[in-house]
Amino acid sequence: PKSIDLSLNRIKRLLKDLDSPENKINNLIQVIGTNSKHSFCVTLREIIEKGGYSCNLNVSPSLRKFNERYYFSGKYISDEELHDLLTEVEQVNNNKSISFHEIITAAWILHASRKKASVNIMEAGALFRLDSSNVFQKNICSIVMPIGIDHLDFLKKGTIDEIVYEKCSHLLGDSKIFVSEQKKDVLEKIKKNIANNSSQKFILGEDFKYQKSNSGFIYEDKLG
């Protein structure tokens, strides 16, 4: 396949051969959207760590060095660890069909299952529905960052309706979904796509809000 080839069949097969590490990861936060995902994930990681908790983080793409995609409990993976990890996963894959994105995602999932942390944050790639990050059965929550036009080369029509469907129609149920600030028309499309999802929904501006203050931020929700 191509370096990115949207399908879940190959990574599910590889994860099964790796003894299903995705089922051994607890306290997962999945971050979906078009804009600000990377900066949000890094900021959330720092908040969690400042609170005294450990955090594993997977982001894509990396900005300066490939290792940035693999963060485990306070530090990025070393070159030697990364080499050994990718070699292990490639050997288990045994030359079967796999994309670049799928194998590096499977490697992070495997390592995160071994490097236990209080919270695991995973930035969803591409369009989520068929992205290799969409292999989990449960999470703490899904966070939907601003959605716009992107990845048109993977779409049939290239419309905002199609993009919102790909990103939001398959969010995990029986959890929580937080929706960040969106354009009005996009928000309505998101609401439509998550309407039948069994997760609790929290929409910025409706269920919670914040404003800047001299000392930081003031947060408000329905509880006050």
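**Entry 1: overall**

I began with burial: 48% of the 224 residues in the protein chain are buried. Buried here means under 20% relative accessible area, exposed over 50%, and partly exposed in between, with a 1.4 Å probe and protein chains only. I noted that this is a predicted model, where local features need pLDDT of at least 70, side-chain atom pairs count only at pLDDT 80 or more, and totals for chains, interfaces and linings use all residues. Residues are numbered from 1 along each chain as its sequence is written, and side-chain values use heavy atoms, with hydrogens and water left out.

Next I looked up the elements. The protein chain has six helices and 10 strands. These are DSSP runs numbered from the N terminus: helices are H or I with at least four residues, strands E with at least two. The radius of gyration is 18 Å, close to the 17 Å of the globule rule for 224 residues, so the chain is as compact as a globular protein of that length. That radius is taken over C-alpha atoms, and the rule is 2.2 Å times the number of residues to the power 0.38.

I then checked contacts, meaning heavy atoms within 4.5 Å. Of those with a separation of 6 or more, 67% are between residues 24 or more positions apart.

**Entry 2: cores**

I looked for nonpolar cores: sets of buried Ala, Val, Leu, Ile, Met, Phe, Trp, Tyr and Cys residues joined through side-chain atoms within 4.5 Å. The largest has 27 residues, and Y70, V89, W108, I109 and F136 touch the most other members. Helix 1 (9–17), helix 3 (79–93) and helix 4 (100–114) each give two or more residues to this core. Helix 4 gives the largest share, eight residues.

Which residues does W108 contact, leaving aside its neighbours within four places in sequence? I found I25, N56, L57, N58, R69, Y70, Y71, F72, N120, I121 and M122. A second, separate core has 17 residues, including V164, L171, V179 and L187.

**Entry 3: backbone**

Most residues other than glycine have a negative phi, and most peptide bonds are trans. I listed the exceptions I looked up.

- S60 and P61 are joined by a cis peptide bond, with omega about 0°. P61 is in the loop between strand 2 (55–58) and strand 3 (71–72).
- S20 has a positive phi, near 50°. S20 sits in the loop between helix 1 and strand 1 (28–32). S20 is partly exposed, at 23% relative accessible area.
- F128 has a positive phi, near 65°. F128 lies in the loop between strand 5 (119–123) and strand 6 (141–144). F128 is buried, at 1% relative accessible area.
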